[in-house]
Amino acid sequence: MVTNEKTPRTGRTRLAVAGARAGSVSVFGKSSPGERAGSVLFPAVLLLALTLALTGLASLLVWSFVKGYPRLDANLIFNAPSTLFPATAGFRPAILGTLYIIAGVIVLIVPLGVGAAIYLEEYANRERWYNRLIELNIQNLAGVPSIVFGILGLAFIVRGPLDLGFIAASASITLALLVLPTVILAAREAIRAVPPSIREGSLALGATQWQTLSRQVLPASTPGILTGVILAISRAIGEAAPLLMIGAVTFVMFDPSFFSGGYTALPVQIYNYAVRPQEEFRNLAAAGIIVMLAVLLLMNSFAVWLRNRYEQRW
Amino acid sequence: MDESGAPAIQVAPSELHTHGHIEHRKKVFELNKVSVYYGDTKAVSDVSLDIYHRNITALIGPSGCGKSTLLRSLNRMNDLIPGARVEGEVFYHESNLYDRKVNPVQVRKLIGMVFQKPNPFPKSIYENVAFGPKSLGMKDDMDDIVEQALRDAALWDEVKDRLHTNAYGMSGGQQQRLCIARAIATQPEVILMDEPCSALDPVSTGKIEDLMVELKRNYSIVIVTHNMQQAARVSDMTALLMVELDSDEHNRWGEVIEYDDTNKIFTNPRDPRTDQYVSGRIG
């Protein structure tokens, strides 16, 4: 509308340009003051919401870092915990315990989660009532509080039919059940996102349904599936409540093993330190939070790297 | 392409009667009162016609008259649609495609398909063309197969230096030619094309029409097109389908109005509706 050109000198053109400029303003009209205020106010409200959310999160992280950073040293990772010497106490059994448990969770959720998603998307007949029941309940399961899974683990895995006892493997199974719905939902979305034209093109070439699945659909949906796995790991690492229920003992001084003996995990150990009265232990807990975040970041980075690698393939 | 245990598909020349005189033209398909239903709705009604070897057969007609449905029944792609069923017989050489013992996967190895919107896989050009032969277990040198297929699809010169780049980096016309290369890499006998040029510009369309005439030397082609001039340009035989209403005017389905040499359809058709359609007065 507004230009930097000089107004033309010759009469007819000048009239035409003036008419065009005037016309272009009057055709569309001006916006009302209310509209203009709204268009400034609404983004401001959204920014406020964002700021509040981030401030809460940031304050937690800042507290952890401020308290825990001075305490960070190699002892944290390599030393066993101690109730008497907070200056040299460490998180070693907890770190090992967390790594073992999460490794077990990954081994369980990838085949089970992806397999369930493939069945639901590719093979299940949507009309059947039991398939619809499954669909409905996966969404529900994703929202069940984690303590319920702790009770489930105690009743059926640690004791009950499986009777595995208070070992790290029990924790893996329990946490895997907890995060499995997340993986199934994410994998289903990823598989659904592959366009039907790709499937048709593959089948029209004489490929079987399994070949189409394994060579076209699954490779194309791998990034989405990995995202689901990343989300699942992130949740499982931080869950303390179910671990407390199924016997992640809060004070373990020896290195754990997967299939026998006691174990602990980072969230539990942090809790153990945080409730002690001495200030030094609370600093230790804060340092533990930093360690836990570092472990989480490490695992997530690996999964993101893996996802990027598959995305670049094509 | 025969695997042990699968029913062998017989090839034999056959006689046919057209317009009262006998011709010895080899048939590829013999459709016998073929009707296609989606659930309870009839989409295509009572089609009986023969498709000849190494001809280009065009199915023309207005939108929604069942041309694509009929085409897809030739390689059992309608099986993918829940509730779709085919009555009648579709003989591919001497074997009924819809016999209970026939495996649709085997059918599609011999009868390939190219779709309206180019649908290359999200892989490299090489992997796209190699996918069919690899899935079928062809043991020959894959590089040779890929090169031969791309040459036959008139695409080799344009992509030979970037075989391992993403297929989506090509233009629409190139992508469609890639889909054709992909289909012929498995050495089918028949290529079905469902409006292959309708998503392309006129220059790409011309290239693909030239390609079809070349491919006719080795493959039998059945093409659905809503472009009458295209049918007149490239095809040997043309079938006109139109929508017919049944007696109480509630149900509509597609029927073959006339099927004959392309020349006759466009210059001297028997049915007045054909004359009206090809001259643009209806449809």
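Helices (H or I, at least four residues) and strands (E, at least two) are DSSP runs, numbered from the N terminus. By this definition, chain A of the predicted model has twelve helices and zero strands. Residues are numbered from 1 along each chain as its sequence is written, and chains are lettered from A in the order in which they are written. Because the model is predicted, local features need pLDDT of at least 70 and side-chain atom pairs count only at pLDDT 80 or more, while totals for chains, interfaces and linings use all residues.

Along the principal axes, the C-alpha atoms of chain A fill a box of roughly 95 × 65 × 35 Å.

Helix α4(A), residues 92–123, and α9(A) have axes that come within 10 Å and cross at roughly 140°. The contact of α4(A) with α9(A) divides into 14 nonpolar, one polar and one charged residues.

Between the chains, 14 residues of chain A are in contact (C-beta atoms, placed from the backbone, within 7 Å) with 22 residues of chain B. On the side of chain A that touches chain B, α8 (196–204) and α9 (209–238) each give two or more residues. The largest share, six residues, comes from α8(A).

Conventions: Two residues are in contact if their C-beta atoms, placed from the backbone, lie within 7 Å. Axes are lines fitted to C-alpha atoms, for helices over the stretch in contact, and angles run from 0 to 180 degrees between N-to-C directions. Ala, Val, Leu, Ile, Met, Phe, Trp, Tyr, Cys and Pro count as nonpolar, Asp, Glu, Lys and Arg as charged, and the others, Gly among them, as polar.
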